[in-house]
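Please look over the structure first.

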Amino acid sequence: MYFHLRAVPPSALRNSANWLRRLFEDDWTTVRRRIDRHREEFLYRHHPDHDLLYAGAPPHRTEGGPPADVVLGGSPVPHPDPGHPPFLLLPAARAAQVAAYLTTADIADLWHRSREELLPRYGGAPAEDQTRTLFESTHHDLTAFYTRTAEYGDAVVKCVLH
């Protein structure tokens, strides 16, 4: 299972569950080319942990705004298969706000704030360097994705794929 983010020009965006499902049916070669151009991004298995890094956890969770929009933010559109989570649509203006947030976010501060909750899920203190590197790398990739998306004035569509 992985969390898939894709940039879409606002003029091409459709609020249709079937259109959104087809949007994520491309072959791996096509997807890889878009990833290389920062037009698409993946978070493998641990997307709720990446959401926690930015938005925090209750009772201090950010409700709304760029930190909450980075991973799990967006307007839900029900998936055609009721057993799947909804698609999430993040309009271009909100995607641009996320890009601005990510380019100024201090990953060391984000890690420090969420470390105690995240670290036990990844092997504890012995795995801290490796775990922190994973989150820093993903932060870099998400920043590049959202920055390029904002440069093009695009929206973001998000989907959990199995």
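## The largest pocket

The lining of the largest pocket divides into five nonpolar, four polar and three charged residues. (Ala, Val, Leu, Ile, Met, Phe, Trp, Tyr, Cys and Pro count as nonpolar, Asp, Glu, Lys and Arg as charged, and the others, Gly among them, as polar.) The model is predicted: local features need pLDDT of at least 70, side-chain atom pairs count only at pLDDT 80 or more, and totals for chains, interfaces and linings use all residues. Residues are numbered from 1 along each chain as its sequence is written, and side-chain values use heavy atoms, without hydrogens and water.

The space in this largest pocket is about 200 Å³. (A pocket is an open set of points on a 1 Å grid over the protein atoms alone, where a 1.4 Å probe fits, with protein on both sides within 12 Å along at least five of seven lines; lining residues have an atom within 4 Å of a point.) Its lining includes Glu41, Arg45, Tyr122 and Asp141.

## The second largest pocket

This pocket has a volume of about 150 Å³. Helix 6 (residues 107–118) gives the largest share of the lining, four residues. Among the lining residues are Leu52, Pro58, His60 and Arg113.

## Helix 5 and helix 7

Helix 5 (residues 92–104) packs with helix 7 at an angle of about 135 degrees. Their axes lie 8 Å apart. The contact (heavy atoms within 4.5 Å) includes Ala95 and Leu102 of helix 5, and Leu142 and Tyr146 of helix 7. Its residues divide into eight nonpolar, five polar and no charged.

How values were computed
Grid points are joined across faces, edges and corners, and a volume is the space filled by probe spheres set on the points. Helices (H or I, at least four residues) and strands (E, at least two) are DSSP runs, numbered from the N terminus. Axes are lines fitted to C-alpha atoms, for helices over the stretch in contact, and angles run from 0 to 180 degrees between N-to-C directions.
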